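Hello,

Here is the structure we talked about. Please open it alongside this note, and my findings follow below.

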Amino acid sequence: MPSFRVIVAVGRLRPAVDPRDVEPAVAAAARELAVVEATSVDVVSGEARITVRFTEDNAGTALRVAEHTVARLRTFAEVGAWRLTERVGGRWYRRA
């Protein structure tokens with residue numbers, strides 16, 4: 001089964017949001033629709049990013065998972081740019 005990841009830039013948290021709650025909630029949102037392989041929070045070039053890696057049958061259904069995940073993140077924080085990538089062989093290719 002293909003592996004995908006949604007990578008989302010995270011901005012300011014909403015009032016009263018505990019930063020420790022964000023990653024588990026976003027992973028849970030993806031888990032509602034797909035099998036989650038891994039999650040991480042990173043800072044790249046001064047920008048916070050959440051990455052959720054998951055499996056799905058094809059890019060169309062993976063896009064639905066990504067959109068659902070981003071929508072859940074919006075309830076916790078401002079959301080910047082995001083992208084969906086698919087692993088093919090040893091490389092990641094952008095799908096959305």
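Start at Val52. Leaving aside neighbours within four places in sequence, Val52 is in contact with Phe4, Arg5, Val6, Val26, Ala30, Val36, Ala38, Thr39 and Thr69. Keep in mind that this is a predicted model.

Val52 also belongs to the largest nonpolar core, which has 21 residues. Val6, Ile50, Val52, Phe54 and Leu73 touch the most other members of that core. H2 supplies the largest share, five residues. As background, nonpolar side chains tend to be buried together in soluble globular proteins.

Which residues of H1 are buried? They are Val22, Ala25, Val26, Ala27, Ala29 and Ala30. The cover over them includes S1, strand S2 (35-44), S3 and H2.

Next, the strands. S1 pairs with S3 through eight bridges, and the two run antiparallel. Within that pairing, Ala9 has Arg49 of S3 as its bridge partner. S1 is also joined to S4 by eight bridges, again antiparallel. There, Arg5 stands opposite Thr85 in S4.

S4 (residues 77-88) has a further link, to strand S5 (residues 91-94). Four bridges join S4 and S5, and they run antiparallel. The bridge partner of Val88 in S5 is Arg91. S4 and S5 form a hairpin with two residues between them. Gly89 sits in the turn and has a positive phi of about 65°.

Glu56 is buried, yet it has no salt bridge. Where is the nearest side chain of opposite charge? It belongs to Arg64, 6.7 Å away. A salt bridge would need a side-chain nitrogen of Lys or Arg within 4 Å of a carboxyl oxygen.

Glu56 does have a polar partner. Its side chain makes a polar contact with the side chain of Thr61, at 3.4 Å. Leaving aside neighbours within four places in sequence, the contacts of Glu56 are Met1, Pro2, Phe4, Leu33, Ala34, Thr61, Ala62 and Val65.

Best wishes

Technical notes. Residues numbered from 1 in each chain as written. Predicted model: local features only at pLDDT ≥ 70, side-chain atom pairs only at ≥ 80, totals over all residues. Heavy atoms only, no water. Pairing = 2+ DSSP bridges. Core = buried A, V, L, I, M, F, W, Y, C linked by side-chain atoms within 4.5 Å. Buried < 20%, exposed > 50% of the residue type's maximum accessible area, 1.4 Å probe, protein only. Contact = heavy atoms within 4.5 Å. Lys, Arg positive; Asp, Glu negative; His and termini not counted. Polar contact = N/O pair within 3.5 Å; in protein donor to acceptor, adjacent residues only side chain to side chain.
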